[in-house]
Amino acid sequence: MYSKWTTRLIIGLTLTFLIGPFFIIILAGLSDGEFMTFPPDGISLRWYAKVFTVESFRDSFKLSMFLAIFGTIAALILGVPAAYAISRYKIPYGETIKTIVAAPIIVPGIIVGLALLRYLVVPLNFTVTLALFMAHTALILPYAVRVVSSSMNNLRSDMEEAAVLLGCSRLGAFTRVVLPNIQSGVLAAFILGFVTSFNQVPVSLFLSGPGVRTLPIDMLSYMEITYDPSVAALSALLALLSVVIVFMAEKFLGFSRYV
Amino acid sequence: MFQNNREGLALALPAAIFTALFFLLPVGFLLSEAFKVDGMWSMQGYFDFAIKPLNQTVFLRTLKLGFLVALTSAIIGYACAFSIVNLEGKSRGRVFGLVVLPLMISPVARTYAWIVILGRTGIVNDAILGLGLSDTPIRILFTETAVFLGLLQLFLPLMIISLVSAMENLPKDVIPAARVLGANWLQVFTKVILPLTKDGLVMGGTLVFTGSLTAYITPAILGGSKVLMLETLLYQRVNVANDFVSAGIIATILIIMSFSANLLLKRIAKARS
């Protein structure tokens, strides 16, 4: 085998390339100067503090949170029964249904945003927020179905059959036997859906209007106008938020099994 | 397995109907616009699109960058995956976790860092000026190099993950066996490792390639209007010119490419199981 040092060198270089940039934005956000520079111009927390005072960031953060939370919940409401049906029933046209539900994965987000703007928002008077909500739900749905299906497949179906034989209703068997057993899968699906939705950019490129902007889009337009370190500070905060979420999920759920 | 199929259908249909109505139908309408020129059905839009030099450049550039990113990530990916597989249990899990982690972080944050690194007053230019390699800052941002680096950083983890899982299935003693029998490292790679991990390579390659083709943020932030790729071109055509024919055509190209990649992946997954 090749030597320990070569191994370390290769891994070290790759991780520097993959993770190094995050340390740079964390530090760049700490700058005391008016413009983005690295190494930073003195050290201060002013740009980190400023992030919280920019009103458009606060509004777009709220919208992104709303979409990520409720889009994922809606996807789970649609997706959990679908995953249950796919793994427990022989549904007619099962393959077609699976293909339809999985389709959003292969459609690039920018196209989705444009299509929904042109055919739902303009002619049918959907609000932009509602269209965004629809798009996020449809995009998260395939992940929700996949993750929940895989934890459903690990659960033996004779347990709920036994519950039904012992007099439990079908719904009762689902809520009392199946749901408690797949709850960590559902939680993993929620986290994956939340992160996917929160980080999603292209869908919202066309689906934005006055006062309705998701956080990443707001950051993109902010950095076109100004070159101060607040976007770096905000990026660093978002990266840390993801790290915390993933770390907790891994610790309590063994998240990587589901992804 | 329950036999009441109607019940199963009732549980699965809402999800399918939702996606079909609010997702697939609008996207289908958008794709059909490419065949409508002045209200008439025709292929004229496709011909007009194909002969424009800008469209050709952007199309070829997108393919070229996708290919280069996939190739480079395969080279780095093999070295890195091989090293990761050679690590002991605990540090192996940790390193793998660090490789996967960037995938969960906002791509805007991930791409923004490159502005700090590659910009006029960025780290690279500081180093170049400091070492006296050039008198003026060189332009790296808004070039293909910048887009290439951004895409590579964004998608390399996908290649490493695919290759690590392929190499974990490699029998432990095939490499020492090949060495003992007199193969040099190049032969070990081309005759033993490559054939046994080619599924992982194809899987990682397709993920990286399609990821790069359909990336928006990286070319938008690091390439700008100087280095357009298909997605940024689509955005520009709609925003600047209200040109929905071109938008429909680019959308069709992108969907066909990611659909074929997806088919390929499914076939590999099937062959494996």
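**Notes on the A–B contact and a bent helix**

1. Let's start where two helices meet: helix H1 (residues 4-29) of chain A packs against H7(B) at an angle of about 130°, their axes 10 Å apart. Axes here are lines fitted to C-alpha atoms over the stretch in contact, with angles from 0 to 180 degrees between N-to-C directions.

2. A word on the model: it is predicted, with local features needing pLDDT of at least 70 and side-chain atom pairs pLDDT 80 or more, while totals for chains, interfaces and linings use all residues. Residues are numbered from 1 along each chain as written, with chains lettered from A in the order written.

3. Which residues of H1(A) and H7(B) meet? A:Phe17, A:Leu18 and A:Pro21 meet B:Gln153, B:Leu156 and B:Pro157; contact means C-beta atoms, placed from the backbone, within 7 Å.

4. Across the whole contact, chain B contributes 65 residues and chain A 67 residues. On the side of chain B that touches chain A, H1(B) gives the most, with 19 residues. That side of chain B has 50 nonpolar, 12 polar and three charged residues.

5. Do look at helix H8 (residues 170-199) of chain A, which spans only 38 Å between its end C-alpha atoms, whereas a straight helix of 30 residues would span 44 Å at 1.5 Å a residue. H8(A) bends by about 55° at A:Gln183, taken between axes fitted to the seven residues ending there and the seven starting there.

Terms used:
Contact = placed C-beta atoms within 7 Å. Helix = DSSP H or I, 4+ residues; strand = E, 2+ residues; numbered from the N terminus. Nonpolar A, V, L, I, M, F, W, Y, C, P; charged D, E, K, R; others polar. Expected span 1.5 Å × (residues − 1).
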